[in-house]
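I opened the notebook to look up aromatic contacts. Rings first, then charges over rings.

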Amino acid sequence: MESLEEISEEESPKERHTSSTPSWKLTAKEILATKTQNYFAQTKRAENILIQVAFSIGLSSIWRFPYLCHLNGGGSFILVYFFMLLFFGVPLMYMEMIMGKCLRMDSIRVWKQLVPWLGGIGYASILVCILVSLYNSIIITWSLSYLSNSFRYPLPWDECPLVRNINVTDLSCLQTVTHQYFWYHTTLNASNHIEEEVETLVLNLTVGIFTVWFLLFLIMMVGLKISMQMLIFSVFLPYIILLCFLIRGLFLEGASTSLRRMVTTEFSAWASLDLWRQAGGHMLYSLGLGMGTIILFSYKAGGDNYAQVAFLVVLVNLVTSLLTTSIIFIVLGFWTTTSGHACIKQSVSKLMQLIDEGVLPHNAKPPQDILLRPTLDYVQWINSLPGHLRRQVVHLSPPCSIKVQKEMFMEGPGLAFAAFSQVISLFPGSSFWAILFFMALLIIGLSNLLRLLEGVVFPLQNSISIFRNYPRILSAIVCLGGFLGSLVFTSRAGSYIMYLFDDLLVPLTLIITVVFQNMALAWIYGAGRFREEMFSEMGRPLWPFSSFLWCYVTLPGLLALLTIYLMQLFQGTHLYYTAWNTSGSQEVKHPYPQNSRGWVIFLSILTFLPIPAHPLHQWWSLQDYVAPDPFEKLMSKKTPMMSSMSSQRPKHHSVKSQERTSNTSTRGLSMSLLRSLKPESGGLSQDSEKYESSSWFSLPLLTSLSSSLTIRSASLHVSRQVSPISATTDNSSEGGNTKEESPKRKSVQ
């Protein structure tokens, strides 16, 4: 937070510039200092933009958007998501940026200053950050698992693994693409249902998630900061890799059909509530709204044109999502085109080539009429081979699906990992491309998770003194708790639990948080009042449509979205998760069990418990303080209190005259109200006055009566740290000193 000395230092070059006949040497120093300040301001602004862009092109655009788009029909989801970004994402992101820039506070203190009785919003946003961090860590663990397998050649997902004692039920690798098989069997070792083997941890995922949280702990302990060059590299490297993937994918079979399906819009799909629910939830998740991170990082940046920044971040988010989705839809079209009889034809051709090369014996030659038979006959022929030969034939088969696959193939959250591993296999030197891509994905995931953790640690350090004095303790607690809380995702049913978080819990908590934030600013604090204060602070008006959008577009839309979530959560009719059926080698949809939805409701209530708990705590503290003793003291000192009223009237008159000379009518209104309340507090003790001046319920009344047009950039941050009642008490007790201080106050303003 800037102090008055810093502001005066910033204004000092202007005063020196206006002085009479400055020397040329002094003018050169001023020019150099001005250029240096402008350079650092532009660097800060560019760094903030890159941080916002890096978060928007992170896991949300590369991993989450493609499978949601595939699940909801492609073009229909894209149009709804574009509508959400334009009318909800831009104004809400602009709102949080402006709050962070002008108030210069973290996500906890900013709401305590604006609407004190809703100060629990900041704590709720921290809990939401913790939930997002928990299940984001398992996604980073998946990237780490693929990265560790990328150093093998050939890549393990390009062929079926060697398995002993294969029988007819174990030929599941041939009935699907090897990349999907590798995802469910090798990476996840997934169970068949969400309630099966929750207590059984997968070793490679458990070691991986420990590595992720240990790396985060080391980075937070060392205090490693990403340089500007590293930030630029981490932003542009994914685009270079994705463009290479797109160019290679355009030459695949079925690419044009897949892209046509991606942009095809069926307006009848807009009647689906799932479409709007998932598009709205992803909009909040991808932009980081409701987590407090935008508020935290915005005040560190230079510049004040946040409308352009918000539009830029939204545009980059949309372009990245469309680029990634195009690649994955092309891969899906390639899988469906090369499945069935096309896969059997390719398999027979490869077997004949291996027999000619002497890799396989002649008894591995398939029947001549195998291409004319049903696909099941090819599986039966492989099962009739001897055991050692059967294992070799399965292991050397091409990575395609003998079973005919349809367009809605692989609808689970692992779609991005399986599809990108397929594209990587098409490149020469595939191991190099795999290392490069999954390393970039790991860096993006870690940087986003560090940003989320900073949104948790920094506000708590400012709010709790022991964490402020010993910051490493909080980092250790957060990382240890994150590791223990993430262990549930490393179980055999962990991917289904993660999908429960991703589909229901996190979007629901984000929507409720943003609803409270929007309501608190637009209707309780007042959008017009906030607009006037920001004009006084920034010296320029806000985005013209911001107040209208905050009051009449975003808030009603968010309430409608929340209603959809709650209706589907309590009805439970359209809530399904995608599980893996090992015997059928295919994905199946199962409804969420009743206890799963109960856990979602319980964790949602627990997340937003600080919002009602904060005013109740303040009210309880007030009730506990206003005990019989102060009341009896007030009644016993009734006569002196009346005399003090008459003795203080001249002082009030002097204060009133000062307010008139400062041309602040609204401040004079609040002061007159304070004068009408002050005789009652004059008979109280000094502790009672101090407590009453900091009481939570008096702040909204008093701050609502004081207009923000009188607040300047130098005094805004200081005046909000002092209660209006205590300021009035100090002014009335100093008497003549207020006249001497008024010129100083004007100079600061």
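I began with a pair of phenylalanines: Phe 489 and Phe 501 are both buried. I keep in mind that this is a predicted model.

Next I took the wider tally. My count of aromatic pairs came to 43. I then looked up where the two tryptophans sit. Trp 142 belongs to helix α6, residues 120-149, while Trp 183 belongs to helix α7, residues 178-188. The pair therefore ties together parts that lie 41 residues apart in sequence.

Trp 142 has a relative accessible area of 1%, so I noted it as buried. Trp 183 comes out at 2%, so it counts as buried too.

Back to the phenylalanines. Phe 489 and Phe 501 also form an edge-to-face pair. I read 5.2 Å from centre to centre and 85 degrees between the planes. Phe 489 lies in the loop between α20 (471-486) and α21 (494-538), and Phe 501 lies in helix α21 itself. This pair therefore ties together parts twelve residues apart in sequence.

Last, I turned to charges over rings. Which residue lies over the face of Tyr 285? I found Arg 64 there, 5.1 Å from the ring centre. I logged another case at Tyr 565: the charged end of Arg 277 sits over that ring, at 5.3 Å from its centre.

Conventions:
Residues are numbered from 1 along each chain as its sequence is written. This is a predicted model: local features need pLDDT of at least 70, side-chain atom pairs count only at pLDDT 80 or more; totals for chains, interfaces and linings use all residues. Side-chain values use heavy atoms; hydrogens and water are left out. Rings of Phe, Tyr and Trp (its six-membered ring) pair if their centres lie within 6.5 Å; planes under 30 degrees apart count as stacked, over 60 as edge-to-face and the rest as tilted. Helices (H or I, at least four residues) and strands (E, at least two) are DSSP runs, numbered from the N terminus. Buried means under 20% relative accessible area, exposed over 50%, partly exposed in between (1.4 Å probe, protein chains only). A charge sits over a ring if NZ of Lys or CZ of Arg is within 6 Å of the ring centre and within 35 degrees of the ring normal.
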